[in-house]
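Good morning, colleagues. Please turn to the sequence and the model, which I shall now put on the screen.

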Amino acid sequence: MRVAIEDLPSLHRQGKKMGVTSVCSAHPLVLKAALRRGRDTGTTVLIEATCNQVNHLGGYTGMTPSDFAAMVETLAATEQCPKDLIVLGGDHLGPNPWKDRDASEAMGQAGAMVDAYVRAGFRKIHLDASMGCKGEPIALDDHIVAERAARLAGVAERAARESGGASPIYIIGTEVPPPGGADHALDAITPTSTAAARQTHAVHAKAFRSAGLEDAFSRAIGLVVQPGVEFGNQNVIFYDRVKAHALAATLSELPTLIFEAHSTDYQGEGPLRELVEDGFGILKVGPELTFKLREALYALDLIASDLVPGYGERPLYHAMEALMRVASKNWESHYRGDDAEKRVLRHYSYSDRIRYYWATPQAGEACDRLFKTLKGRIVPVTLFLQHLPSAAAWAERACDGEEIAIGHIRQSIETYGRACGT
């Protein structure tokens, strides 16, 4: 069943416990898995890019919003996923990529980024100006955050009018700790307090009203809060609905909103379903999907090593290890321990910071060699059972490594779909 994201608050009020999965990834195989599920089930495919990943200056992917939108459109055509099922979203759009600059300059860049997102057809816009800029406190006053969010909403509204695009739908608020997973072991995460949730909504409503943006605020459908879920490098904090009961009950006072839950990766179907039932209508997932990609690729690397003479001993693994050791900026400040512990984390951490390296030429060449090596080969079921049981159905068939990887990723996306009632 297709669920329009703008209908989520009314569905929740009607007792229809449904949600939408937000796929936060730029990897083509992850996106293909999401688009295939949309095609096969007729459900909404919500795909989001973050401010650091994709922006008007390129981001760490090298893609502008229009580049990202074009990539999704091309993949959707390849996978025969109808365009009307696809919603593009921008996550944490604000000054974060430029927070080392003065607030005026950082907000100027943030405005240019929001403008580029909206003109490129991104309709779901998460406004997040919570981070302090140069000379400011790390955590800003709620009123300053809301005023800056309203300023960015004004940019988005103008861009939509001038480009003739659909009016944006807004998400407000942010979660603590920052997105992407914690970099240390966690014992517990405290859910957002009811007072904080009410305050975030109230100050944003006031700021939008002061800026003459009441109509824009009427399209704010979601509030980002911390439901008490998170993942560290080697552990996951699972949803405890008892601890989040008071927060969930707050939605009865905010009838035009649902909650958006970030860092829901690795929760599993049961906790995810409870989140949806409790009003967390948008579930964001990212690292789990590229974690599953890495699982599949490394398993296929082992299968090729065992099966094909001359392929070598795990050449993909060793190529990624060499790449991460040479270009260490994306992981070195996040992983602690001795050399052996860091090596394990580089490849197998839940935070999955290896995902920053898959788009490099070196990784691409290693993956291409793996796929070409296995293409069309017959793999015994025993090798799949040893290294990738989820792909056992491929035994005794002409092997296609890319298809196997997509199928493995899709298992996680299907889990989210079931939890969302779609």
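Which residue in S10 does Val23 stand opposite? Val23 stands opposite Val285.

Before I continue, some conventions. This is a predicted model, in which local features need pLDDT of at least 70 and side-chain atom pairs count only at pLDDT 80 or more, while totals for chains, interfaces and linings use all residues. Residues are numbered from 1 along each chain as its sequence is written, and side-chain values use heavy atoms, with hydrogens and water left out. Helices (H or I, at least four residues) and strands (E, at least two) are DSSP runs, numbered from the N terminus.

I begin with strand S10, residues 280-285. Strand S1 (residues 20-24) runs parallel to S10, and four bridges join them; two strands pair if DSSP finds at least two bridges between them. Strand S9 (residues 258-261) also pairs with S10 in the parallel sense, over three bridges, and Ala261 stands opposite Leu283 there. From S9 the chain crosses through H9 to S10 in a right-handed β-α-β crossover, meaning that, with the strands pointing away from the viewer, the path from the first strand over the helix to the second runs clockwise. Because six of its six residues are buried, S10 is largely enclosed by the rest of the structure. Buried here means under 20% relative accessible area, exposed over 50%, and partly exposed in between, with a 1.4 Å probe and protein chains only.

I turn now to charged side chains. A salt bridge is a side-chain nitrogen of Lys or Arg within 4 Å of a carboxyl oxygen of Asp or Glu, and by this rule the count comes to 31.

Glu277 forms one with Arg241, the closest N and O atoms being 3.1 Å apart. Glu277 lies in helix H9 (residues 269-277) and Arg241 in the loop between strand S8 (236-237) and helix H8 (245-249), so the pair ties together parts that are 36 residues apart in sequence.

Arg219 and Glu157 also meet in a salt bridge, at 2.8 Å from N to O. This pair links distant parts of the chain, 62 residues apart, with Glu157 in helix H5 (residues 142-163) and Arg219 in the loop between helix H7 (214-217) and strand S6 (220-225). Both residues, Arg219 and Glu157, are buried.
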